[in-house]
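The sequence and structure come first, then the points by topic.

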Amino acid sequence: VLPRGPLPTGQRVLTRDQRLTATLTAAASGDRDGALEHAASLVEAHPLDADAHFLHGLVALEAGDPAKARDALRQALCADPAFSIAAFTLGRAYDALGDGAAARRAYLQALRNLDPNDRRHESLLQQVDLADIAAACRARLDEG
């Protein structure tokens, strides 16, 4: 969380994209605490940003906190109901929480909203293949 009031000399406020990058970098390097801290500051600075909530949820899920992930991912979907990767990740959080019915709803939402031409979240999802997400949703739905 960033301090309130004037910044100490030499410190600068990070932009949204710098915060996104810092969160992704910390997560990729295995620094879960740092990633969670960056994600929380991103959400605090940009409370209506779907990408911020998605990253917070993704990092929380990877850190083993599916309840926090669920809450963050639901916020991402409130900000952008068509954010299919957020819906898929929400399904994973519900699976981790043992709520199969909610997971199924989330996977169905992800499938309904998968759009290969949607570029709104491209900077976050450069490593994601939407066909893989669709296949994973279908596999999870077939299990239930």
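Does R16 count as buried, partly exposed or exposed, and what is the relative accessibility? R16 counts as partly exposed, at 24% relative accessibility. The model is a predicted one. Across the whole structure, a search finds six salt bridges. Side chains of opposite charge can pair when their charged atoms come close.

**Pair R16 and D17**
- R16 and D17 join their side chains in a salt bridge, with an N to O distance of 2.9 Å.

**Pair R70 and D71**
- A salt bridge also links the side chains of R70 and D71, at 3.0 Å from N to O.
- R70 is partly exposed, its relative accessible area being 23%.
- D71 is likewise partly exposed, with a value of 39%.

**Pair D95 and R140**
- D95 pairs with R140 in a salt bridge whose closest N and O atoms are 3.7 Å apart.
- D95 belongs to helix α5 (residues 84–97) and R140 to helix α7 (residues 130–143), so this pair ties together parts that are 45 residues apart in sequence.
- The relative accessible area of D95 is 36%, which makes D95 partly exposed.
- R140 is partly exposed, with a relative accessible area of 30%.

Notes:
Residues numbered from 1 in each chain as written. Predicted model: local features only at pLDDT ≥ 70, side-chain atom pairs only at ≥ 80, totals over all residues. Heavy atoms only, no water. Salt bridge = Lys/Arg side-chain N within 4 Å of Asp/Glu carboxyl O. Buried < 20%, exposed > 50% of the residue type's maximum accessible area, 1.4 Å probe, protein only. Helix = DSSP H or I, 4+ residues; strand = E, 2+ residues; numbered from the N terminus.
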